[in-house]
Amino acid sequence: ELKDNTIIVVLGASGDLAKKKTLPALFGLFRQKFLPRDCKIVGYARTKMDKAEFDKRATSYIKGTEDPEVSKALDDFKKALTYVAGGYEDAESFQNLEKHLKEIEANYQSKECNRIFYLALPPTVFIPVAKNLKENCYAPKGGINRIIIEKPFGKDLDSARELLNSVKQYWTEDETFRIDHYLGKEMVKNLLVLRFANVAMGACWDKNSISNVQITFKEPFGTEGRGGYFDEFGIIRDILQNHLLQVLSILTMERPVSFAAEDIRDEKVKVLRSIPPIERSDTLLGQYVSANGKPGYLDDETVPPNSVCPTFAATTLWIHNPRWEGVPFILKAGKALNEAKVEVRIQFKDVTQGIFKDIARNELVIRIQPSEAVYLKMNAKSPGLYTRAIPTEMDLTYKRRFTDSKIPEAYEALILDALRGDHSNFVRHDELDVAWKIFTPILHWIDGQSGPRPRPVSYPYGSRGPKELDAFIGKYGYKRGDAA
Ligand code: BG6
């Protein structure tokens, strides 16, 4: 349930994440009347600016303002915004923020006050901010206090533990909401329903029917000025260790006892604990080079010269439990590829001793974005007087089937969950810990901590990825079918 008298403080309010995601999502919720009654939004950042300037920045990414309804909602939204400038390390700045919060709360009818702190900040200041908020801006007894944080949560198992434990000194697990925005995506949420509300899916969801699974993330642009951050982290920390592993855990976990947050997260942790660290031999690394007038990774001025940071990675994970023993799960992600696409592709086994020859395997594809869809590649009789099996599809493309529905933005869904206090779609501390265990050895190898750094193979900007990719996938039994 939503609580009246809630203040949402966005720290790092003039940064990229706040402008592109957090503030537009808050506006989206406001416009759809999902924010608590009388909710106020306080921007906080180092930059000194007045309210008018903050309003301008905060709303610079709002789309569709030519529509009078949107523009009217935006005017109302601005009335809920205020701004405070301050540092992240010093207590005084936070005492000043506290004064501002108290002033807002003085106007509330009841004494209750609830505070949500959204840290749209680089991880270097997570700890001082967590400390300062707790010591200076914690809502008085009886009110709700929540902190929302976002990756990168460390760089490997040890650094993640250190970060987690430091934040934990000030904020309890119950008060902490760790965002992985893929958990807010409609099609990721749909996995639970597809799997557990359909007998037909449940029955073939295991090693007996499934040959291999691919979870793929493709982006058609490179680092484009974000090379400083990217080069320090690489594609595995940016996408695989969090977004794709989250998808994998929901795809493969056992049925939770209930829909409750802890029941779901217990099952996710359990399946992740059955995955050993990734082997080097199960890994393919790539880096994009200039092609068709587009710059290569090393041409980005924000990237250190001669960097061997991978911008593409394919890794295969194995789950050692009775349901999944022997099934390869290939996670692959790359920047500067030929298209924007995120999907799960489950390839089923061949029909045994079939009476039909040379038929394509069944594939269930869950397209997370763009154009959300679930489709099943299957064989059907070619219409006519001869009996011949041809590949075709059962297609549930959302924009055709659910014509009147709007698919929510991931950040809208997650902020609403945090306001309601629902942890289901947030990452629990032990989930993060086990995710790092799976990836840390391979990351240390890539970082050169266990010998010379591996050289990624190159692939042209705008291509499907390294030319070695098809052989890599083939090695795990993927058979290219001829269905569309
Ligand atoms: C972020 C990564 O977590 O996810 C970015 O840091 C990436 O590099 C982004 O572009 C992708 O998110 P989405 O929602 O556009 O798929």
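Helices (H or I, at least four residues) and strands (E, at least two) are DSSP runs, numbered from the N terminus. By that count the protein chain has 14 helices and 15 strands. This is a predicted model, in which local features need pLDDT of at least 70 and side-chain atom pairs count only at pLDDT 80 or more, while totals for chains, interfaces and linings use all residues. Residues are numbered from 1 along each chain as its sequence is written, and side-chain values use heavy atoms, with hydrogens and water left out.

**Whole chain**

Select the C-alpha atoms of the protein chain: along the principal axes they fill a box of roughly 80 × 55 × 45 Å. The radius of gyration, taken over C-alpha atoms, is compared with a globule rule of 2.2 Å times the number of residues to the power 0.38. For 484 residues a compact globule would have a value near 23 Å, and the 24 Å of the protein chain agrees with this.

**Residues 9-190**

Select residues 9-190 next. UniProt, in an unreviewed entry, places the feature "domain: Glucose-6-phosphate dehydrogenase NAD-binding" there; such annotations may be inferred rather than shown by experiment, feature names are shortened, and positions are given in the numbering used here. The span is 44% helix and 16% strand, and its end C-alpha atoms lie 30 Å apart.

Another, 2.6 Å, ends at a polar side-chain atom of aspartate 238. Lysine 151 has a side-chain N or O atom 2.7 Å from a ligand oxygen. Taken alone the ligand exposes 400 Å², of which the protein buries 79% (accessible areas by the Shrake-Rupley method with a 1.4 Å probe).

Strands pair if DSSP finds at least two bridges between them. Strand 12 (residues 363-369) and strand 13 (residues 373-381) are antiparallel over five bridges, with glutamate 363 bridged to lysine 377. Three residues separate the two strands in this hairpin, where serine 371 takes a positive phi near 50°. Strand 13 also pairs with strand 14 (residues 389-397), antiparallel over nine bridges; here methionine 378 stands opposite threonine 392.

Note on methods
A polar contact is a pair of N or O atoms within 3.5 Å; within protein, one must be able to donate a hydrogen and the other to accept it, and residues adjacent in sequence count only if both atoms are side-chain atoms.
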